[in-house]
Amino acid sequence: MPLARSLSVTSLSGLEEWDEEFDLEDAVLFEIAWEVANKVGGIYTVIQTKARLTSEEWGENYFLVGPYVESNVRTQVELIEPTNPVLKRTIDKMNASGCKVYFGRWLIEGSPYVILIDVAFTAWSLDTWKSELWDLCDIGVPWFDREANDAVLFGFLTVWLLGEYAAQCDEPPHIVAHFHEWLAGLGLVLCRQRQLPVATVFTTHATLLGRYLCAGNVDFYNKLADIYHRYCLERAAAHCAHVFTTVSQITAIEAEHLLKRKPDIVTPNGLNVKKFSAVHEFQNLHAQSKNRIQEFVRGHFYGHMDFNLDKCLFLFIAGRYEFSNKGADIFLEALARLNYLLRVNHSDVTVIAFFIMPARTNNFNVETLKGFFLCSTEDTAQTVKERFGKKLYESLLVGQLPDVSKMLDKEDFTIMKRAIFATQRQCQPPVCTHNMLEDSSDPILNCVRRIGLFNSSSDRVKIIFHPEFLSSTSPLLPMDYEEFVRGCHLGVFPSYYEPWGYTPAECTVMGIPSISTNLSGFGCFMEEHIADPSAYGIYILDRRFRGVDESCNQLTSFLFQFCKQSRRQRIIQRNRTERLSDLLDWRYLGRYYISARHMALAKAFPDTFMYELQEPTSASGFRYPRPASVPPSPALSRHSSPHHSEAEDNDDERYDEDLEAEKDRVNIRQPYTLPFKNKSSAVHGANGITDGVTSEKN
């Protein structure tokens, strides 16, 4: 079945600023998550990148709440005294009662206030609180589940904080508490059970059962006892929340069936596009980063550089090492089929596929290191160049044209032959850059052995497995992740389970085409808002309605068509991809979080706040049309094999970047916004409702 659209999810806005403002002076927002100033996974990125927008909206009344982790606090948080007198009294009261609560500023963009709770300091209360949880909710947490024990401690301490804050206020407060994921969800359940004056929002970024069911290597049935209590905490939070949200349409379907509550609003994840934007320089940055990757390739393939780097395409997949969930299995199979197609069509294109997935290693691969410490060839070239230049200079000084046959003597040829012999390699270039601790059981290496892609001279597809996250301090590939992505030609993320997918989103804002799936939140989001995603460099692989082999063939087709593009066509496609970055900017996606909080305020405090839910008109939102100019990939009537495209030199081919960008902007409409008012101003704002959009401009 096609994905159903929730009432609250409509096409997004485009380029105009959203200038609605709401009366939130007497409201306070607490955003609670285990990953506040504590990087564990993708939720950290969501909260970190969204903080600036939320700080601008709430100002001094925005507080992030997370666990106190000393190693993180030393590098990320500036501890200060609370500036809010009510909050200062609250923290002092809790610390005097046997807690350890810290206050400070998180040193990220927006510099939001953070409240960090030391859960280990109150571990002596764990048994009491677990007993209370059982009495109140019939949820039992086993002693051996440390993560769930932390969730219990964090939940009770969070509700203590919120309750104490409400008690310290001179007037009845309007508190909004936004909880992320099951680790923070118990605090929400206890808020409702204790009837605190708190408007609650719960966001699940991925359901627990969804993760376990899709993980192919998890012994699901024997681990049921280990996950059931976690599932109970997650489901209780989803049902107790005033407003329940998920990050994508595909996760909304998952939550509706597994958690038995349909999300009220889908809140897609965004990025601070300014951080990645390079104005009109992103094409130049691509070229610079590509040159650095080419230097790495020269070292890695020394002795086997029998391919043209100028006709080399760099593909990559990156993320957690979940072989099936992240689609590494289907990517490898598609690469084997692509290799066959390129070989039988006698292509001069070489594809180098990078796998950036952390695994257990003990050192760098010696063969890989050799390529980066063999400086003799470069030194030899420099020596011969200097000798040649000196002879040329002396010949020109006496007014004679040089005799080319005498420019290089026997010694020069001897030096060059020695350098050639020094760079010869008897073995194939390594697939893996490191020594793996579990080489014989590693899924990627075993799959490479099965498909036979060993970086041989006859292969048009080469594989490099880098089992560490990228770092600018690495002796092998000294590049950070952003720089590496900019230098690649295509990101490939054929995930089977991906509630959102930040990796293809990051590719998009940097102008790098990517392949995603209709089982990922990002893929569904782009399919909904772009009439022809592939024209903009967003290839959506069908893994929902096709079998594995069909999906693999479709992926192979995407890769093969991409290899057939000329350089000019790739440049045009990157321009189009980069223009989509506005779709992923928190300036626009952040409004769905705003709507969720406003809806929660209206439900929790109906006498003060009003929230008007209206059906969007058919004209609301937009879909990017297919560009009318040069196609992004060769038409079917052209060469069936990778071939130098005549379009590259065809000046008659019509393409105007500025004109096409202007057409895209015209096709962007204002989003459908969910009207919200403070009831005290409801009468004055009633006349501002037009076409389903309420404006409350101060």
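Let's start with a cysteine: Cys427 is partly exposed, with a relative accessible area of 34%. Cys432, at 7% relative accessibility, counts as buried, because buried means under 20% relative accessible area. Keep in mind as you look around that this is a predicted model. Below, we visit the cysteines briefly again and then turn to a sheet and its helices.

**Cysteines**
- The number of disulfides in the structure is zero.
- For a cysteine to count as part of a disulfide, its sulfur atom must lie within 2.5 Å of another cysteine sulfur.

**The sheet**
- Six strands build an open sheet, and you can trace them in the order E14-E11-E10-E15-E16-E17.
- The pairing in this sheet is parallel.
- At the edges sit strand E14 (461-466) and strand E17 (538-541), each of which pairs on one side only.
- On average, neighbouring strands of the sheet are turned by 25 degrees against each other, direction ignored.

**A closer look at one strand pair**
- Strand E11 (residues 350-356) pairs with E14 in the parallel sense, over six bridges.
- To find a bridge yourself, look for Phe354, whose bridge partner in E14 is Ile464.

**Helices lying across the strands**
- Helix H12 (residues 328-344) lies across strand E10 (312-318), E11, E14, strand E15 (490-492) and E17.
- Compared with E11, helix H12 runs at about 170 degrees.
- Helix H18 (residues 502-509) lies across E10, E15, strand E16 (514-517) and E17.
- Helix H18 runs at about 145 degrees to E16.

Conventions. Residues numbered from 1 in each chain as written. Predicted model: local features only at pLDDT ≥ 70, side-chain atom pairs only at ≥ 80, totals over all residues. Heavy atoms only, no water. Buried < 20%, exposed > 50% of the residue type's maximum accessible area, 1.4 Å probe, protein only. Pairing = 2+ DSSP bridges. Helix = DSSP H or I, 4+ residues; strand = E, 2+ residues; numbered from the N terminus. Axes fitted to C-alpha atoms, helices over the stretch in contact; angles between N-to-C directions. Contact = heavy atoms within 4.5 Å.
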